[in-house]
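Here is a short briefing for a reader new to this structure. Look over the sequence and the model before reading on.

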Amino acid sequence: MIIADGQPESKENCTIAEWVQAETAGIVEEILQRLTPAVRQAMTTLEAIETGTQALTQSIGRHITESLMSAPVLDSLGICRECASPLRSVDSHRARGLIGIFGQYDWERPYLVCPQGHGSEAPQDRVLQLGPGQVSPKLAAILARVAIDVPFDQVPDVVAQTLGVVIDGEMVRRVTEKIGSWAESQEQTTIRDVQSGQAPVPPAPGPSTLLIALDGAMVNTKRTRDGHRGWHEGKVGVCARFEPIPRLLSAEKNEEAKPEYGPVEYCIGFERQADFLSRLYTHALQTGLEDPSCCQLVLIGDGAHWIWELSAKYLRVAGKTWVEILDFYHASQHIWAVAHAVWPDDAAIRTDWAEKLLHRLRHEGGAVLDAVWKALPPLSAAAQDTVTGEQAYFAFHQDRLDYPRYLLAGFPIGSGIIESACKTVLKQRESGSGMRWVEAGAQAVATLRALQRSGHWQAFWRKAPWAQLVPLSRRIAA
Ligand SMILES: [Zn+2]
């Protein structure tokens with residue numbers, strides 16, 4: 001099952017589990033005895049048995065669910081939350097329908113109004129914690145879980161194949177975006193709490209070093225808050241603690257460390273850079289930014305100026321070592337840009353030059369570059385433009401290019417699993433060809449993906465997000 005990890009250990013669930021254990025054998029025996037010989041004969045292969053049994057359990061599940069939902073559970077009709085008048089019944093059998101994990105449910109329940117005109121509701125919907133309707137909370141959780149990994153219009157097929165339930169892609173999108181928007185509003189509340197001095201619960205003491213990796217991916221948007229259409233940068237932050245294993249100077253291969261990372265915390269935001277860093281700061285705190293056991297902060301990012309101009313202000317903590325590293329992968333792309341500008345037509349020379357230089361950059365650091373620039377052959381005007389631009393790039397990052405020192409210290413330099421995760425956590429779902437997003441929808445899905453990849457999916461569903469999404473106007477009864 002896709003959300004088998006999502007079960008809260010509630011008292012009700014234990015009661016139900018005990019009853020099921022005690023009674024299932026008897027119930028199943030009864031069902032088997034009632035199967036007609038024709039049905040028994042048709043169930044010859046395991047596939048036929050599973051298909052038939054799935055249809056049976058769907059049907060039984062739907063009947064039991066509808067019956068239990070229709071059960072009268074109200075002692076009184078309740079009162080209006082606004083004026084405290086007793087609510088009046090306008091319809092004792094108002095029909096309602098939604099789709100759940102056993103298919104379409106149709107049932108009836110009493111419908112009440114406030115005599116003073118403060119609104120109407122079916123209190124039983126609130127007792128059942130139906131959420132905003134359309135689908136049941138459990139189905140909503142499944143749809144959202146699938147939809148953060150595959151495009152919305154592919155989810156109906158997965159759900160039909162597994163649950164045997166028919167839904168459409170547009171419903172998947174609405175449900176997922178609603179849940180994601182609620183998750184994002186929770187995230188913003190946490191960020192504001194942190195800004196007003198309410199620190200989150202600090203993590204347990206852990207490894208000495210916190211890696212913070214920053215990256216971005218372009219997402220195609222058709223509507224954004226600032227009215228800007230087209231490609232829009234989603235910023236991705238990754239935080240993880242690790243224990244560096246310093247390398248020996250004499251080590252033959254000065255390979256990049258592959259440290260064992262503790263729990264990885266992701267965040268994604270489409271907001272302004274400074275606002276994103278407030279978000280990242282909140283996640284870094286949860287990973288131990290200010291924990292006394294964490295004494296080194298290592299920041300890895302690409303060339304974007306804002307990262308280096310703002311990160312220290314938001315993330316640097318007094319008394320802790322602060323290390324900035326230009327992601328080696330991005331640095332190498334810029335070396336290749338120079339190579340292509342200087343030798344546009346000679347692939348052999350170009351490749352030889354770039355590979356040798358990258359090797360030296362890794363083992364000797366950015367100090368080698370000055371002599372390399374001086375040794376370049378005469379350049380065309382266009383090539384000179386490119387080279388000048390790239391020289392300025394490396395000059396800006398000259399203090400973040402000391403790769404041999406980082407490798408010796410046991411720091412990653414940017415081609416490891418964390419950094420590539422930085423790209424994939426957003427890109428794989430939102431930068432696919434032909435994908436176009438409304439910004440709020442892109443953020444909603446990104447927030448859900450980040451919290452799932454960070455291992456917070458279960459904790460998130462324990463907050464019953466779907467039930468929380470009922471519009472306030474419909475919660476009139478006290
Ligand atoms: Zn009222």
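**Loops, core and a helix pair**

Gln-129 sits in the loop that links helix 4 (123–127) to helix 5. The model is predicted.

- Gln-129 is not a glycine, yet its phi is positive, near 50°.
- Gln-129 has 13 other C-beta atoms within 10 Å, so Gln-129 is partly exposed.
- Ala-84 also has a positive phi, near 65°, and is a residue other than glycine.
- Ala-84 is placed in the loop between helix 3 (46–70) and strand 1 (88–100).
- Ala-84 is exposed, because 10 other C-beta atoms lie within 10 Å.

**The largest nonpolar core**

- The largest nonpolar core has 76 residues.
- Ala-140, Leu-143, Ala-144, Leu-211, Ile-212 and Ala-284 touch the most other members of this core.
- Helix 5 (residues 137–147) gives the largest share of the core, eight residues.
- Leaving out residues up to four places away in sequence, Ala-284 touches Leu-210, Ile-212, Cys-239, Leu-289 and Leu-315.

**Helix 10 against helix 13**

- Helix 10 (residues 328–342) packs with helix 13 (residues 381–396) at about 160°, and their axes are 9 Å apart.
- An angle over 145 degrees counts as roughly antiparallel, so helix 10 and helix 13 are roughly antiparallel to each other.
- The crossing of helix 10 with helix 13 is left-handed.
- From helix 10, His-334, Ala-337, Val-338, Ala-341 and Val-342 meet Ala-383, Thr-386, Val-387, Glu-390, Tyr-393 and Phe-394 of helix 13.
- This contact of helix 10 with helix 13 has eight nonpolar, two polar and one charged residues.

Definitions and conventions:
Residues numbered from 1 in each chain as written. Predicted model: local features only at pLDDT ≥ 70, side-chain atom pairs only at ≥ 80, totals over all residues. Axes fitted to C-alpha atoms, helices over the stretch in contact; angles between N-to-C directions. Helix = DSSP H or I, 4+ residues; strand = E, 2+ residues; numbered from the N terminus. Parallel < 35°, antiparallel > 145°, perpendicular 65-115°, else oblique. Left-handed = near helix turned anticlockwise from the far one by under 90°. Contact = placed C-beta atoms within 7 Å. Nonpolar A, V, L, I, M, F, W, Y, C, P; charged D, E, K, R; others polar. Core = buried A, V, L, I, M, F, W, Y, C linked by C-beta atoms within 7 Å. Buried ≥ 20, exposed ≤ 12 C-beta atoms within 10 Å, placed from the backbone.
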